[in-house]
Amino acid sequence: MPPRSKTCHFHSAQPGGCRRGTACTFLHIGPPGSAAQTATTDSHQAPSNNATPPSPAAVRSNQGDLPPGACRAFWENGDCHRGEFDCRHRHLKRGDNTTIKAAQLSASRQEYLQPDGLSNAIGSSTDAFSALKQYCSPTEAHNHLTLFLRPDYTFRTPLNIYSFVAILLSANENHEGWDLSDGQLLLAKIAESGGTGLLRIATILNHDNVSIDAGRTPSVLSFQRGYIRLLMYFSSQFVIRSTLHHLVNSLYSLIDEHFENIAKVLNNCMPPLIQARSFAERSDPNGAILSGLEIFRSLLTVLFEYATRFKQAVSRQPMFAPLVQSLTEWLNTWADSVTPMYPSFNDSVTGLPVESRTFLIKQLRKSLYDLSQIVDRAEGATSRRVSKPVGASLALDDEALVNGLMLTYEGPGNLREGGPRHDNDFEEISKIRIAPTHAELVSTVEDFLPANVPGAPHHLPSTSMQRLLDIQFRLLREELIAPIKTSISLILQDLEQYSVKKTLLSDIINKGGGLYKTDRHSQESVIFSVYTDVQFTALDCNNKWGLSAGLSFDSPSGRARDPNVKTRTQYWENVGRKRLMQGGLVALVWHEDGQSKIYLGVITSRLDDLLRSVKDSPSRMKLNVAFFDSEAQTRILGGLQRPNIAPRGIKLLLEAPVMFESIRPFLATIQKMEPASIPFADYLAHPASGRLEDLVIEAPDYTTIPGYSLNLSCLFEDENTRLRLQPTSEPSKTSVSEALKGKGSRLDPSQAEAAVNALSSKISLIQG
C-alpha cells in the first residue's frame with residue numbers, strides 16, 4: 001500500500017471515527033471523534049445528524065469568524081469551485097468589510113448623456129440607456145439571488161420584485177466589475193431549464209395588477225420600477241449578444257408564453273404616460289424618471305428578438321401586429337415632443353443638443369422599420385403581383401430579357417395558375433425540403449427557378465432582401481440536386497423500356513454495375529455510378545445520423561472487383577475520397593410491379609468502413625445510408641422481418657457527384673434567416689433602377705454622431721501634421737482626399753481615394 005499523506009477528516013469529526021477503519025487510505029490522527037464537538041468538515045456540507053452541535057465560540061475559533069451562511073472557500077481564497085452563481089452560500093471575502101455589511105451599491109450613469117457616449121447608443125441593447133440609482137457587483141448579485149432562487153420563495157410585495165429586477169439590471173457591460181463571463185454566468189443561472197429563475201420572471205410578466213402610479217400599495221406592481229425594467233434585462237447586451245442560444249431562447253419563451261398579458265399591460269400603461277408627457281410615477285416624485293430611450297429601445301429589441309427567434313410569433317399572436325402599430329404611434333408622439341428646441345415632454349433626453357436627440361431618435365426609427373418589415377411579411381402585406389418594379393428604367397437588352405421572362409413566368413406553389421407542381425413546391429422557402437421528394441423527382445413540370453436579374457418577374461418586392469434570399473436559395477438548391485435529378489430521369493426512362501428493348505441500364509445491370517455514360521440529355525454529357533442488386537442487411541441508429549439502413553450491393557466491374565485484396569483495396573483508397581463519400585447524396589431506385597419509387601439519402605459510412613467490406617468480399621460491398629423518407633425505413637424493416645421471402649423487382653443505388661452535407665447547412669441557414677437581421681441588406685438587394693451607379697451608399701452610423709471626425713495624422717510622414725475627416729461632409733472628404741495625395745503623405749493617389757471612401761461609406765469595394 002502506498003504511504004498515506006493526507007489526513008482523514010471523518011476520523012476526528014465523526015463520533016466513533018471513520019467507518020472504514022484500517023481500510024481507509026488516509027491518515028488517522030488522534031482519538032476517534034476528537035473534533036466532532038468543535039468543528040465541521042466543510043462549510044458546504046451539513047453536519048452529521050449524530051454529532052453534538054458545537055458551541056458558537058468553538059465555531060468562530062475554528063472557522064476564523066466565518067459569517068453565517070458564507071462559503072468557506074470564497075471566504076478564505078476569494079474563489080469558489082462551484083462558480084459565481086452555482087454556489088448556494090453567500091460569497092463573502094475575509095478582510096472585505098463592504099461585503100460583510102449591507103452591500104455597498106454603486107450608482108450607474110446613462111452613457112448616452114456622457115461626453116463621447118452617443119456611440120454607445122448605436123445598436124439594439126439598452127445598456128447605454130440604463131440608469132440605476134444603485135447596482136451591485138457580480139459577487140453581491142450572487143449573494144442576493146440566493147434568496148430569490150430558493151424553490152419555496154415567493155414575492156410577498158412589489159418591493160421584492162423591484163429588488164430582484166435590480167439584480168438582473170446590474171448585469172450591464174457599462175457597470176464596473178461586470179464582464180462578459182459574469183453576464184453569461186448570471187444568464188445561465190436565471191434561464192437554466194426547470195430553474196426557479198424562469199419561474200420568478202414568469203410571475204412578474206404575468207402580474208395581474210400593474211399600474212403607472214402604484215405608489216406603495218402592497219398588491220400593485222409599478223410599471224416604471226418593475227415591469228418595464230424587467231424587459232430591459234431581456235434587451236441587455238449580455239442577453240441578446242449571448243452565444244448561449246438555448247438559454248436565451250428559454251428566456252424568450254416566457255415572452256411567447258405570456259405575450260397576451262405583456263401586450264395588455266403595455267396597452268394599459270403606455271397611452272396615459274404619453275398623454276401625460278412624462279414617464280414619471282406621480283406617487284414617487286423623488287424616484288428616477290425613465291427616459292423614452294430606455295422604454296422604446298427595450299420594447300423594440302424585445303419584440304424584434306422574439307419575432308426572429310420564434311418564426312410564427314406574429315401569426316400566432318393576434319395582438320403582435322396591433323401592438324407594433326401602437327408602438328409606432330407612441331414613438332412618433334414622444335419623438336415629436338422631445339425633438340423641438342423647446343420640448344413638451346419631461347424626459348432626460350431633452351438635456352441633449354437637438355442634433356444629438358435627432359441622432360438617437362433616428363436609431364430608434366431604424367429599429368422600428370426593421371420590426372415593421374417582419375410584421376408586414378408575416379401578414380402578407382408585401383405585394384404578390386408579378387410586375388416590373390415601379391420606376392425601373394432598364395437598358396434595351398435587359399428590357400427584352402425581362403419581357404421574355406414575363407411571358408413564361410409561373411409563380412411558386414399556389415401562386416401558379418395550375419396550382420403547386422408537386423408536394424415540395426411552396427411560395428415560402430422555409431417550407432421547402434432541401435432534399436427532393438419522390439413527387440418532385442418524377443415531376444415533368446419545370447421547377448420555379450427565378451432569374452437573378454433586376455426587373456425580372458418574382459412574387460416578392462424587387463428591392464427586398466427577402467427576394468434575394470429566395471432567389472439564392474432556389475438557385476443554390478437546384479445546383480445541388482440537378483445531377484441526381486438528371487440521373488434519376490434517365491434511369492426511369494430506361495426502366496420503362498427494360499422489358500421491351502435493350503438499354504444502357506440493362507447492359508449495366510448485366511455487368512453487375514458500372515458507370516452510366518450518355519449525351520442524350522439536353523445535349524450535355526452525363527456520367528454517374530450505378531450499383532446493382534441492392535439488398536438490406538440491418539437498421540442502425542446513432543446520435544449524428546439518426547436511423548440508417550445497412551445496404552449490400554454488387555462491386556462494380558474492373559479493379560473494384562479484382563480477386564487480389566490489395567489491388568481492390570488500393571483502388572477504393574484512391575477513389576474513396578470522390579466516390580461513396582460520407583455525406584454524399586445517393587438515390588435508391590426501388591422498381592417493383594412496374595412502379596418505381598425513389599428514396600434519397602446520405603451515406604453515413606466512413607472510408608474505413610467501406611474498405612473493410614471491400615477486403616471481406618471481391619463481389620459485394622456494404623455501407624450505411626440515412627434516408628430522408630420514413631417510408632424507406634418502413635419498407636426496409638418489412639423486408640428484414642421476412643428474410644425467407646425472396647426479394648422481388650429491381651433495386652439500384654445511384655450516386656450523385658456532389659457532397660450534399662457540405663452544402664445543406666448553407667441552404668438550411670438561408671431558410672431560417674430573418675431578412676431584417678442581415679447586415680448591409682439595403683446594398684445586397686437589387687436597386688429599383690437595376691443600375692448599381694444609382695445606389696446611394698450612406699456613411700456608417702457611428703460617423704453620423706454630431707461632431708464626429710477622424711484623426712488622420714498617422715497617414716503622414718510627419719505625424720505632427722493635423723488632418724481630420726468628417727465622413728458625412730462632402731467638402732471635408734474632398735479636402736482630405738486632396739491633402740492625402742499631396743506632399744508628405746504615406747499614400748499614393750489611388751490609396752488616398754480608397755481610404756477616404758472606406759472611412760466614409762458603410763460598404764466599399766477596393767481593388768488592389
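In these legends, Ala, Val, Leu, Ile, Met, Phe, Trp, Tyr, Cys and Pro count as nonpolar, Asp, Glu, Lys and Arg as charged, and the others, Gly among them, as polar. The model is predicted, so that local features need pLDDT of at least 70 and side-chain atom pairs count only at pLDDT 80 or more, while totals for chains, interfaces and linings use all residues. Residues are numbered from 1 along each chain as its sequence is written, and side-chain values use heavy atoms, with hydrogens and water left out.

**View 1. The second largest pocket and its lining of 36 residues.** A pocket is an open set of points on a 1 Å grid over the protein atoms alone, with protein on both sides within 12 Å along at least five of seven lines, and its lining residues have an atom within 4 Å of a point. The volume of this pocket is about 950 Å³, a volume being the space filled by probe spheres set on the grid points, which are joined across faces, edges and corners. Nearest the centre lie S443, V445, E446, D447 and K485, and by class the lining has 14 nonpolar, 13 polar and nine charged residues. Helix α19 gives the largest share of this lining, nine residues; helices (H or I, at least four residues) and strands (E, at least two) are DSSP runs, numbered from the N terminus.

**View 2. The largest cavity, with a volume of about 140 Å³.** A cavity is a set of grid points where a 1.4 Å probe fits but cannot get out, and the structure holds four cavities of 30 Å³ or more. The largest cavity is lined by 13 residues, among which E440, D447, F448, R474 and R477 lie nearest its centre. Seven of the lining residues are charged, four are nonpolar and two are polar, and helix α19 (residues 465-496) provides the largest share, four residues.

**View 3. The second largest cavity, with a volume of about 60 Å³.** Its lining has 10 residues, and D127, L169, N172, M232 and S236 are those nearest the centre. The elements that give two or more residues to this lining are α6 (158-170) and α9 (223-234). By class, the lining divides into five nonpolar, four polar and one charged.

**View 4. L652 in strand β10 (residues 650-655).** L652 counts as buried because its relative accessibility is 1%, where buried means under 20% relative accessible area (1.4 Å probe, protein chains only). Although L652 and L588 are 64 residues apart in sequence, their C-alpha atoms are 5.8 Å apart in space. Leaving aside neighbours within four places in sequence, L652 is in contact (heavy atoms within 4.5 Å) with residues including I491, L505, V530 and L588.

**View 5. D425 in the loop between α17 (396-408) and α18 (438-442).** With 6% relative accessibility, D425 also counts as buried. The side chain of D425 makes a polar contact with the side chain of R421 at 3.0 Å; a polar contact is a pair of N or O atoms within 3.5 Å, and within protein one must be able to donate a hydrogen and the other to accept it, while residues adjacent in sequence count only if both atoms are side-chain atoms. Not counting residues up to four places away in sequence, D425 touches P412, G413 and P420.

Note on methods
Buried < 20%, exposed > 50% of the residue type's maximum accessible area, 1.4 Å probe, protein only.
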